[in-house]
Amino acid sequence: MCFDDGKRRVYNRLGGSSTAPTESSKNQKVCYHWRAGRCNCYPCRFLHGELPDSSATANGSGAPKHFSDDSGFSSLAAKRGPNYKNTWVRKTYQKAWNTQTNSDLTLSGPVGQVYAMATSDDLLLAGSQDGTILAWKFNALITNNNFEAAASLKGHTRAVVSLAVGVGNRLYSSSVDHSIKVWCLDTLQCLQTLTEHTDVVMSLLCWEQFLLSCSLDQTIKVWWIATKNGGLEVTHTHSEEHGLLILRGMHDMESKPVLLCVCNDNSVKLYDLPSFSERGKIFAKQDIRAIEVGPDASGLFFSGDGIGFKVCKWVEAEAEAIGKS
């Protein structure tokens, strides 16, 4: 299988040759610091194919509430549980801070390198490098640690790189194994496996009655959730010239939904939904590793590459960069 430079960089960040074979794979070595659980190189030129012992920490308190999820689109079906803020951390654990008390708690259970997180009601979910989705349940009656292990969702054969919670109390997960799985959060059972993508499914986004997915196979697929048999069906496929890394959604200053799509050519493309009419394109000097939207009605979104981050804001006709640091 042939990989261009941009795609190879993505595969390296997902675990080196464990996810993408290279011509010199026989001569590559497993990172000594990774095996010891303390590698802080990003990306590392050595292999990260073995998982050291690790732990995850998080915290929380308070009651579940409706929220605008991390995708940027408001959804009554997606609910944030305890009032904690989570962050992805390189060193095989993830940490969260209570935004009201600034305290933190420790979660039990093995976790490798964490690539994705999601919350729904009283559940905290983490997608790990070994393909497992770990679930913790918030329990206010526990005094020392308000989280207890609820389940390990197994089914993916390679790293889980994106999680999204949608209508009907469903969890959607995507993986390096090219598949998307649909889980019921009531029973924590897998309901459906979608295999229409032909490469790593990098990002998922819930929008109204639809699920959007993007992949290194250079496509964005739109899935209709509300089918008669309860399964998902592809209603539209949008093709690009490069692999696709991240999807985010927001509304412009006229409250029209806009899709933000990070491409593997160091750019962010902006599309109207549902037409996929292109609104604009923003370039970065290096590969973009993160993009997030600002508070509702702010018109702000942020993108970060290897040398800094860019702040963009919608104006009447288009989005423009207003600062960088």
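V268 touches L260, C261, V262, G280, K281, I282, I288 and I291, where contact means heavy atoms within 4.5 Å and residues up to four places away in sequence are not counted. The model is a predicted one, in which local features need pLDDT of at least 70 and side-chain atom pairs count only at pLDDT 80 or more, whereas totals for chains, interfaces and linings use all residues. Residues are numbered from 1 along each chain as its sequence is written, and side-chain values use heavy atoms, with hydrogens and water left out. V268 belongs to strand β21 (residues 267–272); strands (E, at least two residues) are DSSP runs numbered from the N terminus. With a relative accessible area of 2%, V268 is buried, a class defined as under 20% relative accessible area, with exposed set at over 50% and partly exposed in between (1.4 Å probe, protein chains only). A separation of 8.5 Å is found between the C-alpha atoms of V268 and S303, which lie 35 residues apart along the chain.

The largest nonpolar core has 35 residues, of which L259 and F301 touch the most other members. A nonpolar core is a set of buried Ala, Val, Leu, Ile, Met, Phe, Trp, Tyr and Cys residues joined through side-chain atoms within 4.5 Å. At least two residues of this core are supplied by each of β15, β16, β17, β19 (244–251), β20 (257–263), β21 and β25 (308–314). The largest share, six residues, comes from β20. Another core, of 14 residues, lies apart from it and includes A118, V160, L163 and L185.

Strand β15 (residues 201–207) runs antiparallel to β16 and is joined to it by six bridges; two strands are taken to pair if DSSP finds at least two bridges between them. In this pairing, C206 stands opposite L211 of β16. The hairpin of β15 and β16 has two residues between the strands, and E208 there takes a positive phi near 50 degrees. Strand β16 (residues 210–215) is mostly covered, with five of its six residues buried. On pairing with strand β17 (residues 219–224), β16 forms five bridges in the antiparallel sense, and C214 stands opposite I220 in β17. Three residues separate β16 and β17 in their hairpin, where Q218 in the turn has a positive phi of about 75 degrees.

Two aromatic pairs were counted. The rings of Y271 and F276 have centres 5.9 Å apart and planes at 50 degrees, so this pair is tilted. Rings of Phe, Tyr and Trp (its six-membered ring) pair if their centres lie within 6.5 Å, with planes under 30 degrees apart counted as stacked, over 60 as edge-to-face and the rest as tilted. Y271 is buried at a relative accessible area of 2%, and F276 is also buried, at 9%.

Zero disulfides were found in a search of the whole structure, a disulfide being a pair of cysteine sulfur atoms within 2.5 Å. C190 is partly exposed at 35% relative accessible area, while C206 counts as buried at 11% relative accessibility.

Methods:
Helix = DSSP H or I, 4+ residues; strand = E, 2+ residues; numbered from the N terminus.
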